[in-house]
Amino acid sequence: KVVKQREEEILVAQTEVTKYRQEALTKEDIAKSAVQRAQNLLKQLQEKELQLVKQLIGGTGTAGTTAVGKANYENPPPAYVKGRIEKIDAKDRNLVQVSIGSDAGVKEDHTLEVYRLRPRPEYLGRLRIVEARHQTAVGRLMRSPTGGQAPLQEGDEVASKIR
């Protein structure tokens, strides 16, 4: 009777060992797969960073997209231009239409300085042009990290440089 009971216990123990061994092998395969996926993603990230650095240095001849998003990014049109804010987007108050466009030399990714002269002179920030049409352009305000500027208004002035 005792021998039979021990044989049953041994059989149950062997079944559990087999079960846990299979679980361990499955988990090990999952871990190896995750490590391989992470290594592939790291390699892709390194390649993209290298491409970005080349682009920022000037390898492609276009403005780098990362630099464009920074508040101190500056890329004025080659000739002096001056205009006004005509419309402000109702949903995104930092998106505006200005009265000068590609006919005046404004192109996509150019920057324009925004200021107000009345009731008191005030610098409002810098617009990055996101779309240039013949007579008008659409720009997005790039606020400085310090913030604190007044909201844009129709009639605010824009220029390639503040003189």
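This is a predicted model: local features need pLDDT of at least 70, side-chain atom pairs count only at pLDDT 80 or more; totals for chains, interfaces and linings use all residues.
Local features here need pLDDT of at least 70 and side-chain atom pairs count only at pLDDT 80 or more, while totals for chains, interfaces and linings use all residues, and side-chain values use heavy atoms, with hydrogens and water left out.

**Stop one.** How many salt bridges does the structure hold? There are 11, each being a side-chain nitrogen of Lys or Arg within 4 Å of a carboxyl oxygen of Asp or Glu. Select Asp 92 and Arg 140: their closest N and O atoms are 2.3 Å apart. This pair links distant parts of the chain, 48 residues apart, with Asp 92 in the loop between β1 (82-88) and β2 (95-98) and Arg 140 in strand β5 (residues 137-142). Strands (E, at least two residues) are DSSP runs, numbered from the N terminus. Asp 92 is partly exposed at 24% relative accessible area, and Arg 140 is partly exposed at 32%. Buried means under 20%, exposed over 50%, and partly exposed in between (1.4 Å probe, protein chains only).

**Stop two.** Now pick Glu 113 and Arg 126, whose salt bridge has its closest N and O atoms 2.7 Å apart. Glu 113 sits in strand β3 (residues 111-116) and Arg 126 in strand β4 (residues 122-132), so the pair ties together parts 13 residues apart in sequence. Are these two residues buried or exposed? Both Glu 113 and Arg 126 are buried.

**Stop three.** Move to Arg 133 and Glu 131, a salt bridge with closest N and O atoms 3.1 Å apart. Arg 133 is partly exposed at 35%, and Glu 131 is partly exposed at 37%.

Note on methods
Residues are numbered from 1 along each chain as its sequence is written. Helices (H or I, at least four residues) and strands (E, at least two) are DSSP runs, numbered from the N terminus.
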